[in-house]
Amino acid sequence: MPEAGTSQANGGSGFSGRPILRIGLALMIGLVGALLANLANMPLPFLLGPLMLCGLAAVSGIGIAPLPYGREAGQIVVGLAIGLRFVPEVAIATAKLIPVMILATVLIMSATTIAAFMLERLGGVDRKTAFFATSAAGLAEMAVVANQKNADSETVAVVHLVRVTVIVTTIPFLVTIFGSDGGIATTPITFASEAIALVALLVTAAIAALAVSRFKIPNSWLFVPALIGAVVAGFGFGPFAVPPMFLTVAQILIGTWIGCRFRRQILARLPRVTISAVATTAFLIAAAAAIAGLLTLITDLSFTTSLLAVAPAGVTEMVLTATAMHLDAATVTAFQIMRIAIVMTTIPITLKGFELLSRRIDGKIL
């Protein structure tokens with residue numbers, strides 16, 4: 001799978017060798033998808049519309065490519081917007097939930113372990129590949145680690161892409177249908193009154209994220225701007241708020257990028273794996289719902305907020321859903337960050353544990 005920011009075609013020959021036209025076509029399709037989804041009153045229309053229409057175009061063989069660093073630009077905007085919500089009282093309330101975040105992460109990791117055994121059986125892949133394919137972390141990071149550990153990185157990438165796409169296109173509908181508006185709204189602030197400060201923050205966040213990304217830290221394009229925004233808000237500067245139009249453009253860029261990731265050749269070559277990925281994702285959504293139910297019993301969090309907080313999908317997409325539903329996006333962000341941090345830092349240990357469990361089950365050595 002191409003890495004973020006590449007302009008590799010998705011199989012169409014109409015614009016072969018002309019990346020600018022492929023990128024322009026993708027952005028145009030993404031914009032049309034956003035407008036259609038908005039007219040249809042779809043949840044998260046500016047994210048899901050481009051994702052669905054670009055994904056359909058990609059698997060149909062139309063040569064499209066994502067805007068280089070388009071997803072990263074979108075993540076910078078979203079990350080800064082969420083970080084600016086971490087005023088002192090919010091930061092304190094979030095910090096008190098750290099033990100619950102760790103518990104939720106352990107439970108999600110247990111669910112992904114079960115999903116790995118399911119994927120091995122249903123998809124016919126080796127267990128090491130199944131382990132990395134179901135780990136609740138980023139697509140790119142898991143594909144790289146899988147390759148280093150001699151697992152099938154292409155299968156890992158396909159399963160992660162399917163999981164993220166299914167969850168991103170399912171959870172918003174579920175929380176919209178069964179959830180309720182959280183009532184947490186940001187105070188509108190005229191962009192003109194703080195344009196210079198916001199542009200400076202966005203530029204600073206982009207430079208810092210670019211610098212940190214060289215260290216291969218997962219989701220640095222989202223986390224670093226969020227940290228900068230949290231520092232600014234925590235020290236009482238502002239109040240600042242990212243304009244809604246910026247968030248709309250960010251969602252279109254992110255949705256278009258995810259849609260462009262689909263490649264007809266790979267999905268056609270791995271149909272059993274693709275179908276198995278959908279099945280294991282359904283299990284993970286059910287597991288996340290059960291964990292969310294537990295969180296509502298032991299905390300003051302609503303079920304909808306808890307579900308978005310523990311859903312093993314893209315951090316950016318879950319945070320955007322929380323924002324659209326006026327839920328506690330700061331808490332959702334903190335839970336998601338905690339999960340990815342624990343998963344990524346414990347991969348060597350959890351892999352060994354998975355190997356031992358595998359041997360205990362049937363003596364099979366990975």
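Setting aside residues up to four places away in sequence, V310 touches A104, I108, A288, I291, A292, L295, F335, Q336 and R339, where contact means heavy atoms within 4.5 Å. The structure is a predicted model, in which local features need pLDDT of at least 70 and side-chain atom pairs count only at pLDDT 80 or more, whereas totals for chains, interfaces and linings use all residues. Residues are numbered from 1 along each chain as its sequence is written, and side-chain values use heavy atoms, with hydrogens and water left out.

Buried denotes under 20% relative accessible area, exposed over 50%, and partly exposed the range in between (1.4 Å probe, protein chains only). In soluble globular proteins, nonpolar side chains tend to be buried together.

The chain as a whole contains 17 helices and 0 strands; helices (H or I, at least four residues) and strands (E, at least two) are DSSP runs, numbered from the N terminus. Of its 366 residues, 53% are buried. Among contacts between residues at least 6 apart in sequence, 77% join residues at least 24 apart.

S306 belongs to helix α14, which spans residues 303–310. With a relative accessible area of 0%, S306 is buried. Apart from neighbours within four places in sequence, S306 is in contact with A292, L295, T296 and L301. A292 and L295 are also among the residues touched by V310.

Aromatic rings were examined next. Rings of Phe, Tyr and Trp (its six-membered ring) pair if their centres lie within 6.5 Å; planes under 30 degrees apart count as stacked, over 60 as edge-to-face and the rest as tilted. This rule gives 4 aromatic pairs. The ring centres of F117 and F354 are 4.9 Å apart and the planes stand at 35 degrees, so this pair is tilted. The pair links distant parts of the chain, since F117 lies in helix α5 and F354 in helix α17 (residues 347–362), 237 residues apart. F117 is buried at a relative accessible area of 18%, and F354 is likewise buried, at 2%. A further pair, F131 with F132, is edge-to-face, with 5.2 Å from centre to centre and 80 degrees between the planes. F131 and F132 are both buried. Ring pairs join F117, F131, F132 and F354 into a cluster.

Side chains of opposite charge can pair when their charged atoms come close. A search of the whole structure finds 1 salt bridge, defined as a side-chain nitrogen of Lys or Arg within 4 Å of a carboxyl oxygen of Asp or Glu. The salt bridge is formed by R127 and E120, whose closest N and O atoms are 2.9 Å apart. R127 is buried, with a relative accessible area of 5%, and E120 is buried as well, with 12%.

L297 is found in helix α13 and is exposed, with a relative accessible area of 71%.

L44, which is not a glycine, has a positive phi of about 45 degrees and lies in the loop between α1 (19–39) and α2 (45–59). N150, also a residue other than glycine, has a positive phi near 65 degrees and is placed in the loop between α7 (139–148) and α8 (153–178). L44 counts as buried, at 8% relative accessibility, whereas N150 is exposed, with a relative accessible area of 72%.
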